[in-house]
Amino acid sequence: MGLATGGVWAAGSDKPEKTEIRIGFIPLTDCASVVMASVLGFDKKYGVKFVLSKEASWAGVRDKLANGDLDAAHVLYGLLYGVQMGIGGQRKDMAVLMGLNNNGQAITLSKQLANKGAVDGQSLAKLMRAEKRDFTFAQTFPTGTHAMWLYYWLAANGVNPMKEAKVITVPPPQMVANMRVGNMDGFCVGEPWGHRAIMDGIGITAITTQDIWRDHPEKVLGSTLEFAKKHPNTCRAMMAAIIEASRWIDASMANKNKMAEVIAAKSYVNTSKDAIDQRILGRYQNGLGKTWDDQNYMKFYNDGAVNFPYLSDGMWFMTQHRRWGLLKQDPDYLAVASAVNQIALYKDAATLAKAPVPSSPMRSSKLMDGSVWDGKDPKAYAASFKVRV
């Protein structure tokens, strides 16, 4: 199990410092690689045992990571950066160990809004201007991915989320129930809750997050920096196991189906398999009669591109935190991302799991409003948006 590249190991051994790893997750489709690594025994292959802990909210995940109740977690990319910068909880040095998935989230609008003609960003903006009332939208954590997709989408359609909307925080599994009783006009969350809203007849999909940013970063495997530094071999083993599970999920439709069956169980996502398996196979419907096959559905591996912790991805979340006034000044974007994203550790784990590694820690992407993000000038990028705080 030693590194083919002759990596340097603590005390000359690659034995995990801690063999039982407590890993938190939220009941979402994108916890699948962590769950399947345990279910399929990939953890044991690398000499560790995953002890999975189902959590109720992202704030709970944050607190348990910070106080050591959890060693690692399936977690929102932007949550870790929020804690790192002291804007999403008490400041603590955090570590992004690897990416868990790209794509596969959605923005849902209530059936009531759809009945008034608000079915996408433009028609929603028009209705908001006409009705002149407080429109309420929910996301899952103030610095998290869903908040940033929601804000980006509203702003791209001319709505300033900080000034022209009321935004609340709701844990993912509670989104559908809250919309059912009229607590919000729309929400952004991970699957299966977008599709569940359609199945239950209470909401419609206004946009998928892959249509905001194709192959966007989403959940990551995160820990405190202290844990990663103290247990590098444990982290490598954990990451290698999850890389293997990610590759297994993406390998075939049959595997995806099996995964949907496993994670639908009460102990994981606690929903029906058909709430998960449609969108995981790229079969989408919007709740208004439109159906389509989406090539950019949720990816877990994609030849290792999903799992690599690109520095530019981490920096992007900070540019949006700055854009919306969560960060009061520009940080040293590259320095912070280089400290948080554990690229050297990831490369060791990828070598263990025989996964390819991209040649650059930066990547270039074009978002829905035509803006290109490549990480080269984050300060200018953060200041470049017409709609901002």
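**Domains, sheet and a buried alanine in a predicted model**

The model is predicted, and the domain assignment of the chain gives domain 1 (20-104 + 218-285 + 295-359) and domain 2 (105-212).

Reader: How many residues of domain 1 are in contact with domain 2, and how many of domain 2 with domain 1?
Author: The C-alpha centres of the two domains lie 24 Å apart. Across the interface, the count is 43 residues of domain 1 and 33 residues of domain 2.

Reader: How much area do domain 1 and domain 2 bury between them?
Author: Carbon and sulfur atoms carry 66% of the buried area, and the total is about 2900 Å².

Reader: Which residues in domain 1 lose the most area to domain 2?
Author: Together they make up 23% of what the domain 1 side buries. The residues are G104, R279 and W324.

Reader: In which sense do strands β1 and β3 pair?
Author: Strand β1 covers residues 20-25 and strand β3 covers residues 72-76, with two bridges between them. G24 stands opposite A73 in β3. The sense of the pairing is parallel.

Reader: Is A95 buried or exposed?
Author: A95 is found in strand β4. Its contacts, not counting residues up to four places away in sequence, include L80, L221, V340 and Q342. Buried means under 20% relative accessible area. Because its relative accessibility is 0%, A95 counts as buried.

Reader: What is the C-alpha to C-alpha distance between A95 and A72?
Author: In sequence, A95 and A72 are 23 residues apart. In space, the C-alpha to C-alpha distance is 9.5 Å.

Reader: How many residues of helix α7 are buried?
Author: Helix α7 (residues 145-156) has 12 residues and reaches 16 Å from its first C-alpha to its last, close to the 16 Å expected. The helix is mostly covered, and among its buried residues are H146, W149 and W153. The number buried is 11 of 12.

Reader: Which residue with a positive phi follows α7?
Author: The phi in question is near 85°. The residue that follows α7 is G158.

Technical notes. Residues numbered from 1 in each chain as written. Predicted model: local features only at pLDDT ≥ 70, side-chain atom pairs only at ≥ 80, totals over all residues. Heavy atoms only, no water. Pairing = 2+ DSSP bridges. Helix = DSSP H or I, 4+ residues; strand = E, 2+ residues; numbered from the N terminus. Buried < 20%, exposed > 50% of the residue type's maximum accessible area, 1.4 Å probe, protein only. Contact = heavy atoms within 4.5 Å. Expected span 1.5 Å × (residues − 1). Domains from an automatic or database assignment. Buried area = accessible area lost by both parts, 1.4 Å probe.
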